[in-house]
Amino acid sequence: MELDGTMKQAVVGWDLSRVVFRDLERDYPVVERGEGIYLYDTKGRKYIDGSGGSSVVTSIGHGNKRVAGAMAEQAGTIAFSPAHCFANKPHIELCNMIAAIAPPGMQHSFLLSGGSEATENAMKFARQYEYERNNRGKFTIIGRWQGFHGNTFGSMTASGITYRRRYYGPMMGHAVKIPPCYCYRCDFGLTYGQCNLECARALRKAIRQEGSENVLAFIAEPVVGAALGAVPAVPEYFPLIRAICDEQDVLFIADEVMTGFGRTGANFGVDHWRVVPDIIATAKGISGGYTPLAAVILRDKIMDVLREKHSNFRGGHTYCANPLSARVGIEVLSIIHEQKLIDNSRRMGERLLGGLRTLLEHPTVGDVRGKGLMAGVEFVRNKQTKAPFPVEYKFGKRLFEEAFARGLVVFAGSGTVDGVEGDHILLAPPFIINETQVDDLVRILSEAIGAVERGLPSDLRG
Ligand SMILES: Cc1ncc(COP(=O)(O)O)c(C=O)c1O
């Protein structure tokens, strides 16, 4: 097609006002290229990708030529295949690779494009499984407050993100929430070690209140990412959750969209707790951001029932089992394993957490937590009372901009305390990061925090 002058100008023009950005008040610089842990914009500025792309995606780093080469080769061979009538080689190979690293008894994968698709389809698999077992009353999902499972209506329903519920709540379905396992601000006012794990036991209570015959599944992130800032559950939490789900005949869906494929220093987050969920929803790190890719990993018992009942899966999307994305997944997982990047994630994660703990000297740094290369810092106005900054002060956003201006990308979140108040940042650099780069990241972050603290109005200091 020949573009006429106006159209061509529109296509090649640089008018940013025609682009819908999520933040309507921000001037976005234009990113030009990425290399390793660094991003470069069109003005030649260099940034450390401290949050793994937007949020916990870029596992193997940017600009990997091996992945680029595999993509070109795959695109020139078969980039998209009609999934309703063909299997394709990368699809089959990737499902086998996932089976090799998945928790025991989880040998079946369904490939999709993104995290929300993964959690949404995980819930659909759960429902179809229970439907075929004649448990047709089971539909309620139990999630956790400050849990995030995606932005489609089904995944939002399972999430506990207050500010989104304000807007879209009336359009969401029925779901129940229990408090997260978040010792810094325990919902029960208890201290770990003397708490009887009330946050996990709340699941049993919620199931009984709803009636287990109505409860389909419990969904949780092993390390709560976007909404809490890298809060791992305590060691006894997931074993108790697993036991309660078994006792109450409720499925356990692990949302490993952020934590999957080495991010926390293990193949999957749940591996740290030695717990096998019924379904894993995962995405992000599996392609390291090179293409959209996600997976739902199913326990064998689920596939056994679907096969026995000849129950074809009713979910799915156009880009399921996409050969180009699957090929990327194969390369990324191969690189992670050949280069022992999970070990690096664990080692560098320890260094990062150690470095971040030094930031506790700042008057506004209330808590530092994380697992592997997924770390969080929570900010408070007063360390003794743990009082947060007023919402309208937008502490997290200010810190994000100060860090960005100094060449560090972090992911800022709010609503840490109760879905409304509270500020944190999430840090999740690529697994290839080295010691010097970790130290640089911490140094820049410390400078950015100092800058925000110097700008605090007197009534918000301590
Ligand atoms: C734990 C978790 N689940 C689901 C999602 C949704 O993934 P996506 O944004 O790819 O739809 C996210 C995104 O950040 C996530 O962190």
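This is a predicted model: local features need pLDDT of at least 70, side-chain atom pairs count only at pLDDT 80 or more; totals for chains, interfaces and linings use all residues.

**Note on salt bridges, ligand site and selected residues**

1. Arg-66 is partly exposed, its relative accessible area being 35%. Arg-66 pairs with Glu-331 in a salt bridge whose closest N and O atoms are 3.0 Å apart. The two partners come from distant parts of the chain, with Arg-66 in helix H3 (residues 65-77) and Glu-331 in helix H11 (residues 323-338), 265 residues apart. Glu-331 counts as buried, because its relative accessibility of 12% falls under the 20% limit.

2. Arg-66 also meets the side chain of Glu-338 in a salt bridge, at 2.8 Å from N to O. Glu-338 lies in helix H11 and Arg-66 in helix H3, so this pair ties together parts of the chain that are 272 residues apart in sequence. Glu-338 counts as exposed, since its relative accessibility is 52% and the limit for that class is over 50%.

3. Side chains of opposite charge can pair when their charged atoms come close. A network of salt bridges links Arg-66, Glu-73, Arg-327, Glu-331 and Glu-338. Over the whole structure, the search finds 23 salt bridges.

4. A further salt bridge joins the side chains of Asp-246 and Arg-242, at 2.7 Å from N to O. Both residues lie in helix H9 (residues 237-248), four residues apart, which is about one turn of the helix. Arg-242 is buried, with a relative accessible area of 10%.

5. Which residues surround the ligand? They are Ser-55, Gly-114, Gly-115, Ser-116, Phe-148, His-149, Gly-150, Glu-221, Asp-255, Val-257, Met-258 and Lys-284. By class, this shell has three nonpolar, six polar and three charged residues.

6. A polar backbone atom of Gly-115 is 2.8 Å from an oxygen atom of the ligand. At Ser-116 a polar side-chain atom is 2.5 Å from a ligand oxygen, whereas at Asp-255 a polar side-chain atom is 2.7 Å from a ligand nitrogen. Taken alone the ligand exposes 390 Å², and the protein buries 80% of that area.

7. Glu-256 is placed in strand S10 (residues 251-256). Is this residue buried or exposed? It counts as buried, because its relative accessibility is 0%. From C-alpha to C-alpha, Glu-256 and Val-270 are 8.3 Å apart in space, and they are 14 residues apart in sequence.

8. Ser-51 sits in the loop between strand S3 (46-49) and helix H2 (52-56). The residue is buried, with a relative accessible area of 1%. A polar atom of the Ser-51 side chain lies 3.0 Å from the backbone oxygen of Gly-53.

9. The surface also calls for comment. Phe-153, Tyr-167, Tyr-168 and Met-171 make a nonpolar surface patch of about 490 Å². Met-171 is found in the loop between helix H7 (162-168) and strand S6 (175-178). Met-171 is classed as exposed, because its relative accessible area is 56% and the class begins over 50%.

Methods:
Residues are numbered from 1 along each chain as its sequence is written. Side-chain values use heavy atoms; hydrogens and water are left out. A residue is near a molecule or strand if one of its heavy atoms lies within 4 Å of it. A polar contact is a pair of N or O atoms within 3.5 Å; within protein, one must be able to donate a hydrogen and the other to accept it, and residues adjacent in sequence count only if both atoms are side-chain atoms. Accessible areas come from the Shrake-Rupley method with a 1.4 Å probe; for residues, only the protein chains shown count as cover. Ala, Val, Leu, Ile, Met, Phe, Trp, Tyr, Cys and Pro count as nonpolar, Asp, Glu, Lys and Arg as charged, and the others, Gly among them, as polar. Patches are made of residues with over 30% relative accessible area and no salt bridge: like charges are joined within 9 Å, nonpolar side chains (Val, Leu, Ile, Met, Phe, Trp, Tyr) within 5 Å. A salt bridge is a side-chain nitrogen of Lys or Arg within 4 Å of a carboxyl oxygen of Asp or Glu. Helices (H or I, at least four residues) and strands (E, at least two) are DSSP runs, numbered from the N terminus. Buried means under 20% relative accessible area, exposed over 50%, partly exposed in between (1.4 Å probe, protein chains only).
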